[in-house]
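Subject: Structure handover

Hi,

Here is the structure I promised to pass on to you. Please open it next to this message, and my notes on what turned up follow below.

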Amino acid sequence: MTGLRAVRPRPVRLTRRRGGVPVALLLAPALTVVVVFFLGGISYAVAQSLGYQPFIGRHELGLAAYRDLAGDPAVRASFILTLRVALLGTAIAAVLGTSLALLVHRLGRGRRWAITMAQANLAVPHLVGALAIGLLLSQTGLIARLAHAAGFVGAPRDFPGLISDQYGIGIVAEYVWKETPFLTLLALNALGRGTAQLGDAARVLGARPWQRLRHVTIPAVLPPLAAGSVLVFAFAVGSYEVPYLLGRPYPATLPVVAYQYHTDVDLTYRAEAMAIAVLITALSVTALLAFLGLLGRIARRPA
Amino acid sequence: MNHRRCIPALVAVAALGLTACGADPATGARVGSISTAQGWDAVVSAAEGQTVNWYMWGGDPTLNDFVNGYLADRLEPFDITINQVKVSDTAQAIDTMLGERQAGRSTDGSVDLVWVNGENFATGKQADLWACDWAQHLPNAALFDFGDPAVAMDFGVPVDGCEAVWQQANSALVYDSEALDESDVASVTSLIDWAEAHPGRFTYPAPPDFTGSMAVRTLLYDTIGGPDDLTGEFDESAYRDAVPALWDRLNDLEPALWRGGETYPQSQDQVEKMYADGEIDAYFTYGPGAVGDKVAVGVFPDSTREAVLAGGNIANNSFVGIPGNAAHPEAAMVLANLLQDPQTQLALYKAEGTYPGIDLARTDRATRDEFADVPRSPSVLPLERLLADAQPELAGAYVTRIEHDWKSEVLQR
């Protein structure tokens with residue numbers, strides 16, 4: 001769409017001056033924080049994953065920790081589980097979020113109310129969400145008790161195990177519950193920005209409803225939705241408390257396995273813990289690069 | 001009281017200890033600004049005005065009240081303040097200490113005292129994080145027999161005065177007497193038979209959970225006829241002889257466990273919550289004394305009872321340790337000494353049934369009578385029963401190895 005091209009930001013040059021002060025200098029405080037704490041932390045994690053552990057007298061570097069991980073069935077199972085819950089959680093939240101946004105967008109008076117509900121959800125920490133989902137879905141949870149009272153199930157163990165289950169259903173449920181409103185708000189925001197006028201224009205020019213959805217609504221919603229989805233995915237890959245509370249010891253997600261290694265009484269296992277942390281970072285960065293690639297494709301796509 | 005008279009003698013012993021260690025600064029009895037040679041009074045006066053940052057497991061509200069109520073009051077005359085730092089896992093305290101070590105913070109550390117278990121103590125020793133050679137110089141050290149392996153060793157690691165005994169942890173089986181008969185809890189075999197007849201009503205937290213690891217060792221002791229084959233330092237061939245039968249037994253038990261054994265609870269907290277919710281009928285605990293409180297407040301059913309299975313119950317002492325970089329080691333020592341005080345031990349026993357870490361035989365008659373007079377919940381076993389068949393812990397290397405192998409042999413099967 002041409003409309004999209006118009007809102008694409010122009011590249012910023014760091015060397016451009018404003019009032020004689022280089023922009024790079026103005027950015028220095030923020031950049032220092034990023035470089036020292038972010039890159040510094042990551043470099044230290046990489047160094048430790050390679051076996052640099054001066055606190056127990058290990059200085060030699062090597063890939064032993066990574067080889068250990070490759071041979072550990074817990075890590076292989078964990079990698080698959082982590083990808084599955086993160087992808088499923090993100091995909092379901094994105095679809096539900098978009099649908100909700102389209103619905104809410106058409107609401108008249110109820111719209112304000114629906115937006116407030118979605119915003120209220122943003123303030124609830126994941127930890128609280130995970131505990132709430134646990135109280136709701138566990139075999140002695142609210143739903144199981146209601147099902148028991150209604151005579152659908154006999155003993156608690158007859159209720160399907162949705163928490164601490166093999167597939168991470170409880171974990172996905174928490175991500176969907178928490179992230180759907182977030183993506184709804186992002187999509188709603190995108191729908192609000194002149195999409196209505198573009199849609200009207202398209203209709204005047206004879207576009208059918210599905211054509212308007214295909215050529216007006218989706219192109220407007222997709223970039224912010226994709227950006228939000230990358231955030232959700234990166235969070236889901238790196239989250240600890242949700243899979244710890246709603247998951248099981250094996251298979252567990254990567255952050256839980258990393259913490260199991262990190263708290264091992266044998267300090268040499270810290271190398272493996274850091275190696276998993278590096279792996280998690282790599283997964284998140286891959287998702288980000290994929291997003292940037294996708295965004296580039298969308299922006300270049302002819303109308 | 002007996003131990004009061006011992007103080008001058010102890011100070012003299014401390015002075016000797018320092019002369020012996022003085023040549024070697026690595027093992028010197030120097031804690032913080034003063035050396036133990038200056039005597040206990042010097043420790044007490046240096047501690048004045050200090051705040052002890054005490055890192056401890058914070059999951060027990062009764063214990064937290066005890067720390068911030070009783071102990072805080074007892075420290076007031078010393079002008080010492082307690083800052084209880086609650087952690088969900090002692091490994092977090094070790095992590096903080098290790099982080100400071102990595103950052104080069106060798107003095108003025110943020111941790112002054114840690115309630116530590118054997119495994120984390122071993123971790124700290126591996127990285128040389130503890131201040132050592134102080135615990136035997138506390139005035140209340142007279143209440144211990146340092147020749148007793150339970151005092152001199154912590155999960156097979158020599159204590160070396162790097163930590164002071166606080167509590168005694170005796171394991172027991174907690175069960176609902178409406179679901180299990182006394183004959184069901186007579187032995188490990190009868191418990192397993194009951195579990196197989198009632199699938200889904202028993203489980204244990206996945207090791208390396210501290211209690212889950214004990215549950216596995218309880219079955220190990222039963223399988224190989226007690227810990228005798230595995231005493232002392234880790235021995236690979238003894239270990240390899242002992243465990244195959246254990247793994248077979250645990251895997252055979254799996255279908256009878258909660259969720260058919262396809263998964264295990266993540267923590268002891270979760271297991272106790274499941275018992276409170278009526279999801280399971282029995283579980284192992286290291287804290288049988290605290291069960292009475294849970295029944296009294298209505299969290300656990302009135303029919304809750306405890307048992308020691310045939311072959312005995314695993315028991316250990318838990319300790320408090322002082323990091324080498326502690327900012328307030330003197331106040332930490334005063335608190336460690338206070339924790340061993342017979343009146344403190346009595347108050348803690350009354351508050352939540354925590355068994356005394358001190359050797360009651362070394363206290364005076366009046367103190368022993370006071371312990372005997374504490375009313376006991378019908379749900380809780382008497383101390384004599386818990387002590388009668390107490391079994392020692394294995395060396396830490398065995399414990400760690402069992403925890404690792406449990407994952408591949410049982411959990412991942």
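In these notes, contact means heavy atoms within 4.5 Å. Please keep in mind as well that this is a predicted model.

Let me begin inside chain A. Where the domains meet, nine residues of domain 1 of chain A are in contact with eight residues of domain 2 of chain A. Between them, domain 1 and domain 2 of chain A bury about 710 Å², and carbon and sulfur atoms carry 75% of it. Sorted by class, the side of domain 1 of chain A that touches domain 2 of chain A has four nonpolar, four polar and one charged residues. How many salt bridges are there between domain 1 of chain A and domain 2 of chain A? The count is zero, and for polar contact it is one residue pair, both at pLDDT 80 or more.

Next comes the interface of the two chains. Here 33 residues of chain A are in contact with 30 residues of chain B. The area buried between chain A and chain B is about 2,600 Å², with 48% coming from carbon and sulfur atoms. On the chain A side, A:Phe55, A:Pro249 and A:Val265 lose the most area to chain B, and together they make up 23% of what that side buries.

In a salt bridge, the side chain of A:Arg270 meets that of B:Asp95 at 2.7 Å, N to O. There are also 16 residue pairs in polar contact between chain A and chain B, both at pLDDT 80 or more. Which helices of chain A each supply at least two residues of the side that touches chain B? They are α2 (23-49), α4 (73-106), α11 (241-246) and α12 (254-262). Of these, α12(A) gives the most, with three residues. By class, that side of chain A has 15 nonpolar, 11 polar and seven charged residues.

In chain A, helix α8 (residues 169-192) holds A:Phe182. This residue counts as partly exposed because its relative accessibility is 22%, and partly exposed begins where buried, under 20%, ends. Leaving out residues up to four places away in sequence, A:Phe182 touches A:Leu122, A:Gly228, A:Leu231 and A:Val232. A:Phe182 and A:Gly97 are 85 residues apart in sequence, while their C-alpha atoms are 7.6 Å apart in space.

In chain B, have a look at B:His137, in the loop between α5 (118-126) and α6 (149-152). Is B:His137 buried or exposed? At 10% relative accessibility, B:His137 counts as buried, because the cut-off for buried is under 20%. A polar atom of the B:His137 side chain lies 3.4 Å from the backbone oxygen of B:Asp133.

Lastly, there is helix α2 (residues 40-47) of chain B, in which B:Trp40, B:Ala42, B:Val43, B:Val44 and B:Ala47 are buried. After α2(B) comes B:Gly49, with a positive phi near 80°.

Note on methods:
Residues numbered from 1 in each chain as written. Chains lettered and ligands numbered in written order. Predicted model: local features only at pLDDT ≥ 70, side-chain atom pairs only at ≥ 80, totals over all residues. Heavy atoms only, no water. Helix = DSSP H or I, 4+ residues; strand = E, 2+ residues; numbered from the N terminus. Buried < 20%, exposed > 50% of the residue type's maximum accessible area, 1.4 Å probe, protein only. Buried area = accessible area lost by both parts, 1.4 Å probe. Salt bridge = Lys/Arg side-chain N within 4 Å of Asp/Glu carboxyl O. Polar contact = N/O pair within 3.5 Å; in protein donor to acceptor, adjacent residues only side chain to side chain. Nonpolar A, V, L, I, M, F, W, Y, C, P; charged D, E, K, R; others polar.
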